[in-house]
Amino acid sequence: MKSSDNINPKLSLELYVYEENFFEKHHITDLSQLTPYLSATKKFWLNVVSLDNELLSGIADIFGIHALAIDDIVNSQQRPKLEEFENSLLLVAKMLYTKSDISRIQAEQVSFIIGKNYLISIQEEDFDLFDGVRTRLENPAGKMRKMGPDYLAYTLMDAIIDEYFLLLEKLYDKTEQLEDLIMADHHKSLLSTIYKHRKSMQEIKKVIWPTREILSAWKKSESIFLKKKTLPYVNNIYEHTVEIIENLEMQRESITTLVEIYMTNISLKQNEVMKTLTIIATIFIPLTFIAGVYGMNFEYMPELQWKYAYLSTWAIFIIATGGMVYYFKKKKWF
Amino acid sequence: MKSSDNINPKLSLELYVYEENFFEKHHITDLSQLTPYLSATKKFWLNVVSLDNELLSGIADIFGIHALAIDDIVNSQQRPKLEEFENSLLLVAKMLYTKSDISRIQAEQVSFIIGKNYLISIQEEDFDLFDGVRTRLENPAGKMRKMGPDYLAYTLMDAIIDEYFLLLEKLYDKTEQLEDLIMADHHKSLLSTIYKHRKSMQEIKKVIWPTREILSAWKKSESIFLKKKTLPYVNNIYEHTVEIIENLEMQRESITTLVEIYMTNISLKQNEVMKTLTIIATIFIPLTFIAGVYGMNFEYMPELQWKYAYLSTWAIFIIATGGMVYYFKKKKWF
Amino acid sequence: MKSSDNINPKLSLELYVYEENFFEKHHITDLSQLTPYLSATKKFWLNVVSLDNELLSGIADIFGIHALAIDDIVNSQQRPKLEEFENSLLLVAKMLYTKSDISRIQAEQVSFIIGKNYLISIQEEDFDLFDGVRTRLENPAGKMRKMGPDYLAYTLMDAIIDEYFLLLEKLYDKTEQLEDLIMADHHKSLLSTIYKHRKSMQEIKKVIWPTREILSAWKKSESIFLKKKTLPYVNNIYEHTVEIIENLEMQRESITTLVEIYMTNISLKQNEVMKTLTIIATIFIPLTFIAGVYGMNFEYMPELQWKYAYLSTWAIFIIATGGMVYYFKKKKWF
Amino acid sequence: MKSSDNINPKLSLELYVYEENFFEKHHITDLSQLTPYLSATKKFWLNVVSLDNELLSGIADIFGIHALAIDDIVNSQQRPKLEEFENSLLLVAKMLYTKSDISRIQAEQVSFIIGKNYLISIQEEDFDLFDGVRTRLENPAGKMRKMGPDYLAYTLMDAIIDEYFLLLEKLYDKTEQLEDLIMADHHKSLLSTIYKHRKSMQEIKKVIWPTREILSAWKKSESIFLKKKTLPYVNNIYEHTVEIIENLEMQRESITTLVEIYMTNISLKQNEVMKTLTIIATIFIPLTFIAGVYGMNFEYMPELQWKYAYLSTWAIFIIATGGMVYYFKKKKWF
Amino acid sequence: MKSSDNINPKLSLELYVYEENFFEKHHITDLSQLTPYLSATKKFWLNVVSLDNELLSGIADIFGIHALAIDDIVNSQQRPKLEEFENSLLLVAKMLYTKSDISRIQAEQVSFIIGKNYLISIQEEDFDLFDGVRTRLENPAGKMRKMGPDYLAYTLMDAIIDEYFLLLEKLYDKTEQLEDLIMADHHKSLLSTIYKHRKSMQEIKKVIWPTREILSAWKKSESIFLKKKTLPYVNNIYEHTVEIIENLEMQRESITTLVEIYMTNISLKQNEVMKTLTIIATIFIPLTFIAGVYGMNFEYMPELQWKYAYLSTWAIFIIATGGMVYYFKKKKWF
Ligand SMILES: [Mg+2]
Ligand SMILES: [Mg+2]
Ligand SMILES: [Mg+2]
Ligand SMILES: [Mg+2]
Ligand SMILES: [Mg+2]
Ligand SMILES: [Mg+2]
Ligand SMILES: [Mg+2]
Ligand SMILES: [Mg+2]
Ligand SMILES: [Mg+2]
Ligand SMILES: [Mg+2]
Ligand SMILES: [Mg+2]
Ligand SMILES: [Mg+2]
Ligand SMILES: [Mg+2]
Ligand SMILES: [Mg+2]
Ligand SMILES: [Mg+2]
Ligand SMILES: [Mg+2]
Ligand SMILES: [Mg+2]
Ligand SMILES: [Mg+2]
Ligand SMILES: [Mg+2]
Ligand SMILES: [Mg+2]
Ligand SMILES: [Mg+2]
Ligand SMILES: [Mg+2]
Ligand SMILES: [Mg+2]
Ligand SMILES: [Mg+2]
Ligand SMILES: [Mg+2]
Ligand SMILES: [Mg+2]
Ligand SMILES: [Mg+2]
Ligand SMILES: [Mg+2]
Ligand SMILES: [Mg+2]
Ligand SMILES: [Mg+2]
Ligand SMILES: [Mg+2]
């Protein structure tokens, strides 16, 4: 084990060895401690919280994992995938979470290597996400003890996908907020908010589509590392991804419709503004013209001397205004 | 039957035992009463109106139903599905109805477990929906007595899908209403009405698409619980779902076109408003300018003393107005 | 034949019995007259002009037709379909025609049951559509005499599909009309005309898509009632449906483009209106201001006494106007 | 050969008989001259420049060609297709060309019948298109002599598809022209030009899509009339059609984007017009009001007598104008 | 080797002969020097920097390469492709790079011929792109020495695809720039910039889509020239192309949304301009009318003599303005 000589002295991996009537937890401080378990009949789960290339290469040497699998695990931009190698099966998934606002979705890569009697899970940082699985594994009556490492991988994937639903919930809240604002004819610009919201959806979609694909591939896979008994469970979370995708699509459509409504609202408001201007201008511009006529300084303007001229002019003003108002009423302008 | 000890004392399940020449109705008050029927040669239908996890788990224990099937039944958000388990087949469907307005569609989950000689139907609340089926089952000459539990499941699905057509009818009425309003150039904002209408369609689509999928899966299934003789009937309701989907799509397209018309109407109206303003302003602004000119107080303005000045000015006013009106007529502005 | 006892006394069905060297036409007044032909070696065509459930059930009893087939035939809303039953094959098609305007397309259901040596065609009303086929069947040298009942069904379908082309022709005329109106910058609202035109297309599409599907299914079918020798002919009309669909799609695209042009034309006109207003207002509003200034009644306004004031003011008016006109010319506003 | 008796006396068909070391050209004036070649071992190409039904039926009789094949050949609206009959294979293609402007694309149907040792090509009018192929066939060292009639068909198809590229080139030129006009903010309406351009694309697409399909079908066909050795050549022109389709799609997208830009440009211009109007009106309307105030004829207006009133009013005018200009500058209106 | 006699005297091809424990680099100056290597057991890589038809035909003669393969290599517009010939396998790829601005993407064709023990790579100009591969080939401990010529082709493709990511990076920067400009409500026209950006995406897409196809074809190919051991590596770069396509699609969507925002911003600005105009005109036009009334020169106007008339008029002015402002505030116009 030459690669295990120069590993980080602070190395500490969690190792869970289990069987129907057996459970042990070890802290691995040297990779050579792993070798005995390989040929044993007991099942085990090795949880690695590090993307250190050297460490993972050391583990790959021990378990005979293909170098490309390690490449994918270490590349934190890897698209979710399932790939079958000779000695093992690689599954790369993404945990999605958001610390505060839904518009800042963060992704954390979680990879699984499933072998004959073992599961290796690799993540960059430790999240509490897998705590529930640990507890269920400790329970001697639990199903997990009886099932193989692929079932363990399923339960971890299940935990990851449950998190997606939390995000979906937050997306819904945001969509509803936008809906309320737009329906209430909110007057500030919502464009950048809508843009960010759409980007969040896109980011979730980017993870969830390939996740659905890998679960679909799992269902159809004939790998010896994936047992048939696990399939109904995998189908269960596969359906979850289908549901999430459908809900995302529906929200996408809603947002598109909302944007249309928003733009139509702008047009409607502009129409109202225009009508106000037109009503005022159409009434007063002709009146102002008449007033202007009798403000002219011509010497020979017979009306000026007429006694009822001023009164008549006001009569004209009032009648013209009344006619205009009647016309606008008839056109349903107000 | 340890799980049957602590069930709800008010337990009361409907059990119909039937054969070509036999029909009995029982009220089950203790799950242990079910056991004798299991190995019997008679067919039976157990109708459960409850989503109580404990009760359903008790039933699952007796019939050997997979725990995941119960999970799906209890989860009232489950997407319609058909899944084949070892001992039975699960079918989850959705009843859709609306109490008042089409814009408030409600969904009620109805699940079926089809076994060798039994059908278990599970719903949350009792609807009159299945009454027709009960009556037909009581009829000794009816087809249902001769056919297996899968045919019974088909008749119940048929009843559910018939309800969809009622909703479709209401959707059509609403679309026609919108059509009339928009074509009549209705002046109030229709945007939120259209938005709600689209959401109703989306909700129906969300149920009907997977329903079509499960009926398609039924047609292709090779499960021993689904007889070949039932297939033409299943095809019949499969075609109903296809028809509903096509009609939904057509209405969706109509609504899209209507929204376009609505927006174009707004533009056309705005154009009319603008033309009114432009005509008035273009006629009177130059006239007002001329009036303003002769309202100036310069000492040396020869026109002021000219006898026909005032008359000439009016002539200019009238000629200018006539020219403008001619110009607008030529441009087909009114 | 108990069902044939109480049939309509006015019952009169056309029956054509034929073989390569044989042709007879009978009028059936009692269903029991049909029985002898069933086991005979001669081929026959029974044309039924009625959707009477009782009558059709009587026929179904005689020929062993599945009850669901009769359901589909009687339901005049049935989507075009091809379904294989044990004893026969059902084909439901739609005749499309228009009495006057293309915007009122009417559909008439025509169903076919193809058996070993017979074809039954069912329509609600008698159209002249099948007259050509009758003539060809009477011709002893014609191909139809040699071929089986599936070939007869093909010729009838061919007659139906030929009618679709007539509709397509009318659609084209309407599209061209719209094109001319929009290109000529027609000033009345074309929106409801366009809307109706789109609906006509949708209605044709609703019939033609499943018709293509059933012809495709016919081509792939392995039913014993469909001979291989008929396939090139079926392929021929299958291609017709493909052609119609492509033409519909192309017209749909044209209409979409035309609507865009229509809306852009509205924008262009509005732009022209706005420019007229802006030019007039921009020229005269400042001039009116100047006139207003010298209409003020201040005692100390030195310009008022200046001899060339009035002339200078007119000079300013003319120069300002010239400047404005130059500016608008440069901006290419007119 | 009864049908060959009454053919057109002016009948003159080109017949090329060839083998690796043999080449003869005949002018056929009577269809009975064709019979000897049928059973011979030499390959031959019959080029027919006529859609005369009688002539083609005569040829069909001799070669045992299915009547539906002749129907397709004679129908000049036939969609491009490949159909396998018992004795031969039919391929219908379209030549596309344009005499002057790209907006008037014309299509000429060219059909091929491929038999065991012969190729029949049928066109309505003689084009120079096949001259290159004739020359290559005369060349004894050429590949064409060694290969079968399907290879000959391929070379003719190759010549047809090469013409498509010329059209594509012209489309590109037109698109670029439109691009330049729109980018240069051209002021005349481009809508009808764009509409015609889109129609041209549609017409090319209508031919090229099924052409791709028939080449794809050729590649997958297991007909005995199509040799495996020809496949790489067919694949070559198949790829050409894929390339043309991709380029058409890209241009379509460009045109769509250009139309969007065109419409946005209209909006931008309208915005500019509106801003001009608003700036002028917003500055001068308030000033005109002030001038109007001091044009009032009230007896008691103290300002009128004040010595610096006129000067102060001008000061107000200038300050107000300055403020407005500053405001507009800050709003980036000019 | 007659074709090798008259090749370019300046001919100089790079030839790398290698095996697990062997490495030689030769400069080929006459094509006849290649012959000995063909039958040898050692693997070799021939790198050709020329698209000279004669030279490539000479090479094709020696290696028995199909003439169509050479056609594709020489045609610099060839769409990326993978085609299996009898003696070898052709792979045409495109290198993409940009010298300065992302809006000027350039493509360079790189072709590969994979044979039993050799790889021939053909490019038009020499790029440094393959230097890394050369270095790795010189390294005796490297994997490349052990693997076949298909693995060598994979490493070269890998180098090409790595370049695509650099372009993608630049596209992202440009998109972000556009995003910033549009969000900051930039006032100059961005339309032509957006148009060019979209064209760049289109050009990358045009190359990357068929590249994905050829890698997918490689994965599924059963050619003897492609070893199974190489597949995980090919899968690796296949996934890269999938990732690039997804990212391109996401950016495309972003751009579409940005354009919508841009257009909505124009509408919003126009709305603001209109509101400014309307507020000013609506306030001052009526006031100007009133001032005009008292500027009339009628002899009998009682108000003119009233002592508080002027004051009262100002009161009216102020109250009217206040009312208008209140109205606009209530309408949320400012
Ligand atoms: Mg969906
Ligand atoms: Mg969508
Ligand atoms: Mg959908
Ligand atoms: Mg989807
Ligand atoms: Mg959708
Ligand atoms: Mg779906
Ligand atoms: Mg659909
Ligand atoms: Mg459809
Ligand atoms: Mg549709
Ligand atoms: Mg649709
Ligand atoms: Mg749209
Ligand atoms: Mg459909
Ligand atoms: Mg097509
Ligand atoms: Mg199409
Ligand atoms: Mg469609
Ligand atoms: Mg289509
Ligand atoms: Mg199309
Ligand atoms: Mg299309
Ligand atoms: Mg569409
Ligand atoms: Mg493509
Ligand atoms: Mg494409
Ligand atoms: Mg594309
Ligand atoms: Mg396409
Ligand atoms: Mg696209
Ligand atoms: Mg496109
Ligand atoms: Mg994808
Ligand atoms: Mg995608
Ligand atoms: Mg997508
Ligand atoms: Mg795509
Ligand atoms: Mg998309
Ligand atoms: Mg769009």
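Six salt bridges link chain C and chain D (a salt bridge being a side-chain nitrogen of Lys or Arg within 4 Å of a carboxyl oxygen of Asp or Glu). One of them pairs Lys331(C) with Glu272(D), with the closest N and O atoms 2.4 Å apart. This is a predicted model, in which local features need pLDDT of at least 70 and side-chain atom pairs count only at pLDDT 80 or more, while totals for chains, interfaces and linings use all residues. Residues are numbered from 1 along each chain as its sequence is written, chains are lettered from A in the order in which they are written, and side-chain values use heavy atoms, with hydrogens and water left out.

The contact (heavy atoms within 4.5 Å) involves 50 residues of chain C and 52 residues of chain D. Phe289(C), Phe298(C) and Tyr300(C) provide 15% of the area that chain C buries against chain D, more than any other three residues. Buried area is the accessible area (1.4 Å probe) lost by two parts on being put together, summed over both.

Between chain E and chain A, 49 residues of chain E touch 52 residues of chain A. The rule finds six salt bridges there, among them Arg79(A) with Glu246(E) at 2.6 Å, N to O.

| Interface | Buried area | Share from carbon and sulfur atoms |
|---|---|---|
| chain C and chain D | about 4,500 Å² | 65% |
| chain E and chain A | about 4,500 Å² | 65% |

On the side of chain E that touches chain A, α8(E) gives the most, with 34 residues; helices are DSSP runs (H or I, at least four residues), numbered from the N terminus.

Key:
Helices (H or I, at least four residues) and strands (E, at least two) are DSSP runs, numbered from the N terminus.
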